[in-house]
Amino acid sequence: MSSTGQGASNEAAARERAQIQAEANEYRQAYRRDKAKSQTVGNMVFALVICLVVVAFLILVTWRSKPAEVPKAVEYTAQLQDAKAAAAWVRGPEPMPSGWTATSVEFLKPEQEPMTWHLGVVTTEKKYVGLEQSNVTGGKFQAEKLGRTSDDGTTTVAGVTWQRKILLDRKGENALVLVGSGVTTIVTGNAGYPALETFASVLR
């Protein structure tokens, strides 16, 4: 073989080796890229699982069932007697319905009238009943205590006729209103008419 032919053969072999080497390098680089991508996705999934486990653990450790709220009782009988001594028209539950708890009480006797008497009560069903009284008979006192109302007929309690009211600004609340002898008496709350009537029946 001539030297020219030998040189051409060597060049062809060199090109083939270079091509093989280039293909091998490209394969290795592609493999590294795929491996890195796989590791990144795997790391993300692993990190997400760890986060979820930690969150679940914290929820399990810190969660506590909420205890039933117990209404804070207040002693009201002394203030009731003081209020009655100052204003003969004041009324209070005598006796309080069984299981009901007084939670707020207030008697305001300003230098100038009107005077107001309030007693808030929670029933055994954890519903609210409130007594509001004042030595005024105008609509302002009712509006202050009840907001907007609509008439809902009447009910008779112990021979006395009360006006039923639906409270338009308070969902699920009603009131019984009695006006007479210069005094307005309101029994209101979200306990329903039967409970309001029960409370009205023990007012003395």
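Trainee: Which residues does T116 touch, not counting residues up to four places away in sequence?

Mentor: T116 touches E106, F107, L108, Q133, S134 and F141, once residues up to four places away in sequence are left out. Please bear in mind that the model is predicted.

Trainee: Why is T116 called buried?

Mentor: The relative accessible area of T116 is 19%, and buried means under 20%. The value falls under the cut-off, so T116 counts as buried. T116 lies in strand β2, and its C-alpha atom is separated by 8.8 Å from that of V90, 26 residues apart along the chain.

Trainee: Why is T185 called buried?

Mentor: The same cut-off of under 20% applies. T185 has a relative accessible area of 8%, and therefore it is buried. T185 is placed in strand β7, which spans residues 183-189.

Trainee: What makes the pair of T185 and Q133 a polar contact?

Mentor: The side chains of T185 and Q133 make this contact at 2.9 Å. A polar contact requires N or O atoms within 3.5 Å, one able to donate a hydrogen and the other to accept it. The distance of 2.9 Å lies within that limit, and the pair is accordingly listed as a polar contact. Not counting residues up to four places away in sequence, T185 touches several residues, including L131, W162 and L178.

Trainee: Which residues does V187 touch, not counting residues up to four places away in sequence?

Mentor: Beyond residues up to four places away in sequence, V187 touches residues including V129, L131, W162, L176, L196 and F199. The C-alpha atoms of V187 and G120 are separated by 9.8 Å, although these residues are 67 residues apart along the chain.

Trainee: Which residues lie nearest the centre of the largest pocket?

Mentor: Among the 17 residues that line this pocket, R91, Q133, W162, L178 and T185 lie nearest its centre. The space within it is about 310 Å³. The most lining residues come from β6, which gives three.

Trainee: How do you know how many residues of the lining are nonpolar, polar and charged?

Mentor: Each residue is assigned by its kind: Leu and Trp count as nonpolar, for example, and Arg as charged. By this rule, L178 and W162 near the centre are nonpolar and R91 is charged. The lining divides into 10 nonpolar, five polar and two charged residues.

Trainee: What pattern does the protein chain follow along the sequence?

Mentor: The pattern is α-α-β-β-β-α-β-β-β-β-α, which corresponds to four helices and seven strands. Of the 204 residues in the chain, 28% are buried. Among contacts with a separation of 6 or more, 45% join residues 24 or more positions apart.

Conventions
Residues numbered from 1 in each chain as written. Predicted model: local features only at pLDDT ≥ 70, side-chain atom pairs only at ≥ 80, totals over all residues. Heavy atoms only, no water. Helix = DSSP H or I, 4+ residues; strand = E, 2+ residues; numbered from the N terminus. Buried < 20%, exposed > 50% of the residue type's maximum accessible area, 1.4 Å probe, protein only. Contact = heavy atoms within 4.5 Å. 1 Å grid on protein atoms, 1.4 Å probe; cavity = no way out; pocket = protein on both sides within 12 Å on 5 of 7 lines; lining within 4 Å. Points joined across faces, edges and corners; volume = space filled by probe spheres on them.
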